[in-house]
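Please find below some notes for a colleague who is meeting this structure for the first time. They are set out as numbered points, to be read beside the sequence and the model.

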Amino acid sequence: MSNDVDEDGYNDSNRAFLQAFLARSTMTFEEAKPVLAAIFSTHERRPVLPEDVTQADLSSYIAAANTAISPFDLEIRSTLHQLPDDNGTNGGSHRVYALVNTTSDPLTQLATTYTADEIAFVKRILDAIFDTYNTRRSEAMVVTGMQAVQLAKVSSADRRESAATQQPQGGAAQSLTMQQAESVMKRLLDEGWLEKSRKGFYSLSPRALMELRGWLVATYNEEDDEGRRVNKIKFCAACKDIITAGQRCANRDCLGRLHDICMRNFFRMQQAEKCPVCKADWPHNKFVGERAITTTEQYQQGKRRSGNTQRVSNATASASAIEGDEQEEDAEGEAD
């Protein structure tokens, strides 16, 4: 789509697109098409339909926007969506573009709109997603609403850690009420930091994964007490992005992980369904993300026991699945 530009290569059309993007924080190609069509229609003084907008048009405007915002340590980046769409098809078929701060600590960014106690609650949510519910046997990396609200209360260990790291005038983190915790979860969802699946599980959004990537790796990939490297944050062997939903190798010690859409393309190119790391047969029934919970017998039993209340069902069923996972892991450790 043609567009006259100023000598510096940036004009009102570019500014209008950047303003529209800043208002949304994230955007897909389908969402960008009507925005760009409206901009083109105004600039060219003729009707331009959304279906006339091409991927090349979007790429061109994103490149121009990135040039304009780079002095402010901002960048529009993209990643494939990992979760299924509302219609049940794999969401990885579309790319998500997000405005990312390239330098500052993401949790520090939240300090502009969240209180210290709310940020401490967000940190407990992240610990639950990437530590508590991300074990060697079950890489769920999700929480239910009930599990999140239960984290509103600061544990004794968290309070001691908070007191040790706070400035003298700051004091230790305080608990939130259940209502406050629910309000923070809603804000995180509305602002695009979290997303909620059709089964009621919360996980980090594509925007959050892009913006928090460095912090997540530095925080959750570390050596244990025995000096062994523990990688809680793992990456898709095909696209190299963080994986929070997809499939894994049957060998728990192998780092082979693939997003669902990456897996189909990867195996098509390789002409063999082998793990990209250890070359073992790919199992197709070992999952990363909420399916690590929802495909377990414990989860199904929990849903049957908990009746028709969806919120209670998900919380009790997923807790049952995690408890069963931990019991199996303990038994396996004793056997070793």
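1. Contact, a term used throughout these notes, means heavy atoms within 4.5 Å. Axes are lines fitted to C-alpha atoms, for helices over the stretch in contact, and angles run from 0 to 180 degrees between N-to-C directions. Helices (H or I, at least four residues) and strands (E, at least two) are DSSP runs, numbered from the N terminus.

2. The model is a predicted one, in which local features need pLDDT of at least 70 and side-chain atom pairs count only at pLDDT 80 or more, while totals for chains, interfaces and linings use all residues. Residues are numbered from 1 along each chain as its sequence is written, and side-chain values use heavy atoms, with hydrogens and water left out.

3. As for the chain overall, there are 13 helices and 11 strands. Of the 336 residues in the chain, 45% are buried, where buried means under 20% relative accessible area, exposed means over 50%, and partly exposed lies in between (1.4 Å probe, protein chains only). Among contacts in the chain with a separation of 6 or more, 54% are made by residues 24 or more positions apart.

4. Between E1 and strand E3 (residues 95-101) the antiparallel pairing runs over three bridges, and Met27 stands opposite Tyr97 in E3.

5. How do helix H5 and helix H8 pack? The axes of H5 (residues 116-132) and H8 (residues 178-190) are 11 Å apart and meet at an angle of about 75°, which makes the two helices roughly perpendicular (65 to 115 degrees; angles under 35 count as roughly parallel, over 145 as roughly antiparallel and the rest as oblique). On the H5 side the contact is made by Glu118, Phe121, Val122 and Ile125, and on the H8 side by Ala181, Val184, Met185, Arg187 and Leu188. By class, this contact has seven nonpolar, no polar and two charged residues, where Ala, Val, Leu, Ile, Met, Phe, Trp, Tyr, Cys and Pro count as nonpolar, Asp, Glu, Lys and Arg as charged, and the others, Gly among them, as polar.

6. Leu194 is buried, at a relative accessible area of 7%. Arg207 is 13 residues from Leu194 in sequence, and their C-alpha atoms are 8.7 Å apart.

7. The structure holds 16 salt bridges, each being a side-chain nitrogen of Lys or Arg within 4 Å of a carboxyl oxygen of Asp or Glu. One of them joins the side chains of Lys234 and Glu139 (3.9 Å, N to O). Lys234 lies in the loop between strand E8 (229-231) and strand E9 (246-248), and Glu139 in the loop between H5 and strand E4 (143-144), so the pair ties together parts that are 95 residues apart in sequence. Both Lys234 and Glu139 are buried.

8. A further salt bridge links Arg213 and Asp241 (3.6 Å, N to O). Since Arg213 lies in helix H9 (residues 206-220) and Asp241 in the loop between E8 and E9, this pair ties together parts 28 residues apart in sequence. Arg213 is partly exposed at 34% relative accessibility, and Asp241 is likewise partly exposed, with a relative accessible area of 22%. Elsewhere, salt bridges that share partners join Glu118, Arg187 and Glu191 into one network.

9. Finally, helix H10 (residues 260-270) has Asp260, Ile261, Cys262, Met263, Phe266 and Phe267 buried. The buried residues of H10 pack against E2, E9, strand E10 (257-258) and helix H11 (291-294). Just after H10, Gln271 takes a positive phi of about 60°.

Notes:
Two strands pair if DSSP finds at least two bridges between them.
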